[in-house]
Amino acid sequence: MSATHISKLTLTNFRNYANLSVELRPGPVVLTGDNGAGKTNLLEAISLLTPGRGLRRASYAEIAREGGDGGFALHATLDGPAGEAEIGTGVIGGGDADSSRRVRINGAPARSADAMLEWLRVVWLTPAMDALFTGPAGDRRRFLDRLVLAIDANHGQRALDYEKAMRGRNRLLSEGSRDGAWFDAIETQMAETGVAIAAARAEMVRLLAVMIEKLPGDGPFPQADIGLEGELEQAVTTLPAVEVEEKFRRALAEGRERDRAAGRTLDGPHRSDLVVRHRPKAMPAELCSTGEQKALLVGIVLSHARLTGEMSGLPPILLLDEIAAHLDAGRRAALFAILEELNCQAFMTGTDAALFSSLAGRAQFLSVDHGAVVAMG
Ligand SMILES: Nc1ncnc2c1ncn2[C@@H]1O[C@H](COP(=O)(O)OP(=O)(O)OP(=O)(O)O)[C@@H](O)[C@H]1O
Ligand SMILES: [Mg+2]
């Protein structure tokens, strides 16, 4: 039995696709075509089958096709051990392109985008993430939280609740409010949700570290030592959650004057960071070469895919944009072998089909050209 996969994808007014309907098979899917053909756009569409704004974090107005009606839609048929499911999402043209998108599952409106997580998990690796280890901490936090979300579907709501509370606190700070009861109420919420976020992250890092041990020590994707920088993330590994909550709540209350001067909340899980080291080289990831960083990241994502599969029974759908570009022939072969073993649907793009030739007969090859997708061979 193959894992949950997309068997059919239909796009309407999505980026450069006016209308597209493509049948897909489980296992590796190779998308090749010239620059600007629409390969990344197709992956972006699939990335919207999980909560959030997709792999480019684009606004819905940007996604809606130029020259279209201002809206867009995508529709996926899923097939897997749990049977078939239909997921549709999009925004309607004419005014609400930046309101939140609608999600329908099996014909019925979903409460929220989180409901899609019951059916599938999607994880991606894009060229923009090549700078993950050297770039701002916020990018690593987002990456980390997306990894958590794939194994813990409640994580997205936690993050939203925390941010909402923090925005409320920041507003009080900027208004110069001294309303102690209001602060207390908001900070209690921040402590509850903030500690839940930190605990979920710490748990994910712990489990992921176990999976990373399974990568061969001298293999093409080096083992990473991963850790979390953040007071709460540290505290939850040694203290009971209620105690950490109380400490954080007190720290927030005592930090009001300082935060008022700064104009924002200075402490909390919104400031945490993911710290990665290249174990064989005993080097911080940010000091490794471009190729070494890529190999580290691939190792983390593949280990995470294995973790997701084992924990939720839902191996994720992987979106690997331009994955072959940085990998030498040996690493490409190793990647293909691991994907086969993971048994997940993995979309890989590239301008050069030759880089995927060793997958002949084992993958679906699609050619992308100006918003059209056709089977090759
Ligand atoms: N809202 C939109 N409406 C119409 N076309 C769009 C829209 N947004 C982006 N495009 C176009 O879609 C085309 C395909 O973009 P995409 O990023 O998918 O290309 P690609 O095949 O991944 O190319 P590359 O190999 O360079 O990464 C681009 O020419 C881009 O300008
Ligand atoms: Mg691209």
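How many of the residues of strand S13 (residues 346-350) are buried? In this predicted model, 4 of the 5 residues of S13 are buried, and the strand is mostly covered. A residue is buried if 20 or more other C-beta atoms lie within 10 Å of its own, exposed if 12 or fewer, and partly exposed in between, with C-beta atoms placed from the backbone. Strands (E, at least two residues) and helices (H or I, at least four residues) are DSSP runs numbered from the N terminus.

The model is predicted, and local features need pLDDT of at least 70, side-chain atom pairs count only at pLDDT 80 or more, and totals for chains, interfaces and linings use all residues. Residues are numbered from 1 along each chain as its sequence is written, while chains are lettered from A and ligands numbered from 1 in the order in which they are written.

S13 pairs in the parallel sense with strand S3 (residues 28-32) over 5 bridges; two strands pair if DSSP finds at least two bridges between them. Val29 has Phe347 of S13 as its bridge partner. Strand S12 (residues 317-320) also runs parallel to S13, joined to it by 3 bridges, and here Leu319 stands opposite Phe347.

Most residues other than glycine have a negative phi. Ala282, which is not a glycine, has a positive phi of about 50 degrees. Ala282 lies in the loop between strand S10 (273-278) and strand S11 (283-284), and is exposed, with 8 other C-beta atoms within 10 Å. His370 has a positive phi near 45 degrees and is found in the loop between strand S14 (364-369) and strand S15 (372-375). His370 counts as exposed because it has 11 C-beta neighbours inside 10 Å.
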